Amino acid sequence: MTNKVCILGAGSTKYGKLEEGIIEIALNASASAIESAGISPNQIQAGYISNVFGVADKQVHMAPVIMSNLGLSHVPGLTIESACGSGSIMFREAFANVSAGFYDCLLAVGVEKVTHTGTAQSTTLFSYCSDFFYEGGNGASFPGLFASIARYYMSKFQADETDLASVAVKNHENGVLNPKAHMRKKITIEDVLKSPVVASPLKLYDCCPFSDGASAVILCSEEFAKNSGRPYVEVIGSGRGASPASVQGREDIATIPSTVMAAKQAYKMAGISPSDIDFAEVHDCFTIAEIIDVEDLGFFPKGKAAKAIRDGATSLSGEIPINPSGGLKSKGHPIGATGIGQVVEVFDQFTGKSGQRTVKDAKIALTHNFGATGASAAVHIFKKVE
Amino acid sequence: MSTNEILTPRQKFIAAANRSKILLNKCKNCGHMMLETVIYCEKCYHKNFESTEVDGIGSVETYTIQSVAPEGFEDVESYAWVVFKLDNILLRTSGFLPGIMKPEDLPLKTRVRVVGFNHIHGLVLEKTIQ
């Protein structure tokens, strides 16, 4: 890393079932980020786009279309796909380009629109993100893959369905406080346990929703941020990791190696340890994922997170608040946008825009987002600039 | 398909599955065993392998039964997607096990075997008689 990289502006659409087309959704979030940063569009030198299923809304080659519709047809764009981790992995590439000095200011926008395809087609589309020869092609859906991970974890560490439900209840509590969340509804442990089984042992409320939405941020050099005279957030750590693409290939199905690898790199770059993190936005596509994430990120020893979550350690007022935004579970999971949406939450938290879900006295935050069952992952660490 | 045709690694894997076998690659450099579909050794990155087949039999390590199936599986009344560990080797593979209605039908460690490869349902398994 050479130059310091900062976030100068951020914006999201509401997550949920949206009427606009995919390009309009991306433009709305982009304009919101540009206005949040107080910059003129002509200061943007490049566009980084993350998206997975543009083809479902009849659009691929997304970057130049978005840039053209922003009135920036002369600005080069790049589209990056890495399943549900597309946003954070695209953010990493955008970060690297500013850090290397190629650009002083760029737009990073993640977008997805899938709800119009319906549950059956969405289930099929998502199965294409698996290692299809071994997983989707043998009948595994995405809830099914995480259900198999959950069954393994529960057997290994004697966790139960109430442990899983505790994650959902906590994230919905936070999501109620987020006006842009898809599922703004408080739920109880009993609601989760009584909800229909989607893929045993996971129930409906163990699963994030299919969502439409977009999130965007403006990344810039420290000099650019300082000259703007506006509030900004510094990116102090970045890591990427990889795992065997299929669940069967993991040495331990109860851990996600890409998370461990990415976190190690990000902590090293930031010069901090997990105990220095004040809150984290993690990839809770299913409740079991959050339990595994917070162990792999080093917040809890292996096999201990389920009890800690049940005891409130990850609630907004807990020792390490996890997913103050509501996470994928309640805020929603427009898969190409999710990783950028996490950065938006950090920006809002650190610039006084997170309302009642603000984590008190937070100064250092972490985002974690992975693709598929964790075949690809990125972790970033951010510092509040006073 | 003529026996003179050169099969791709996946075609070879499928042909073996249709004989109830799992095709493996044994690295000639370090001895590491992998599924046939991997083309460089995961441990030493050499490409010289010896093909070897093992019986497609093992024990269930984890699985799920889904209420919404992906395309191609909607017509199956109920099935499990299963990850199982092959006998006598530290390797897992995954497959489609029809006829599983509820978790009680498939305790962990249940013995399963490969019965073939179906172009719609992939690697098809059955429970072995205990």
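Reader: Is the crossing of α1(A) and α2(A) left-handed or right-handed?

Author: The crossing of α1(A) and α2(A) is right-handed. A crossing is left-handed if the near helix is turned anticlockwise from the far one by less than a right angle, and right-handed if clockwise. The helices are DSSP runs of H or I with at least four residues, strands are E runs of at least two, and both are numbered from the N terminus. This is a predicted model, in which local features need pLDDT of at least 70 and side-chain atom pairs count only at pLDDT 80 or more, while totals for chains, interfaces and linings use all residues. Residues are numbered from 1 along each chain as its sequence is written, with chains lettered from A and ligands numbered from 1 in the order in which they are written.

Reader: At what angle do α1(A) and α2(A) pack, and which residues make the contact?

Author: Axes are lines fitted to C-alpha atoms, for helices over the stretch in contact, and angles run from 0 to 180 degrees between N-to-C directions. Helix α1 (residues 22-37) and helix α2 (residues 62-69) of chain A pack at about 60 degrees, with axes 10 Å apart. They are therefore oblique to each other (under 35 degrees is roughly parallel, over 145 roughly antiparallel, 65 to 115 roughly perpendicular, the rest oblique). From α1(A) come Ile23(A), Ala26(A), Leu27(A) and Ser30(A), and from α2(A) come Val65(A), Ile66(A) and Asn69(A); contact means C-beta atoms, placed from the backbone, within 7 Å. By class, these residues are five nonpolar, two polar and no charged (Ala, Val, Leu, Ile, Met, Phe, Trp, Tyr, Cys and Pro are nonpolar, Asp, Glu, Lys and Arg charged, the others, Gly among them, polar).

Reader: Which residues of α2(A) are buried?

Author: A residue is buried if 20 or more other C-beta atoms, placed from the backbone, lie within 10 Å of its own, exposed if 12 or fewer, and partly exposed in between. In α2(A), the buried ones are Met62(A), Ala63(A), Val65(A), Ile66(A) and Met67(A). They pack against α1, β2 (46-50), β3 (77-80) and β4 (105-112) of chain A. Just after α2(A), look at Gly71(A), with a positive phi of about 80 degrees.

Reader: How do α5(A) and α10(A) cross?

Author: The axes of helix α5 (residues 142-157) and helix α10 (residues 287-296) of chain A come within 9 Å and cross at roughly 55 degrees. That makes α5(A) oblique to α10(A), and their crossing is left-handed. On α5(A), Phe146(A), Ile149(A), Ala150(A) and Tyr153(A) meet Ile288(A), Ala289(A) and Ile292(A) of α10(A). The class count here is seven nonpolar, no polar and no charged residues.

Reader: And how far apart are the axes of α3(A) and α13(A)?

Author: The axes of helix α3 (residues 86-99) and helix α13 (residues 338-350) of chain A are 5 Å apart, at an angle of about 70 degrees. These two helices are therefore roughly perpendicular. Ser86(A), Gly87(A), Ser88(A), Ile89(A) and Phe91(A) of α3(A) meet Thr338(A), Gly339(A), Ile340(A), Gly341(A) and Val343(A) of α13(A). That contact has four nonpolar, six polar and no charged residues.

Reader: How many residues does each chain give to the contact between chains A and B?

Author: Chain A gives 29 residues and chain B gives 27. In chain B, β4 (57-65), β5 (79-86), β6 (92-98) and β8 (122-127) each supply at least two residues of the side touching chain A. That side of chain B has 13 nonpolar, 10 polar and four charged residues.

Definitions and conventions:
Two residues are in contact if their C-beta atoms, placed from the backbone, lie within 7 Å.
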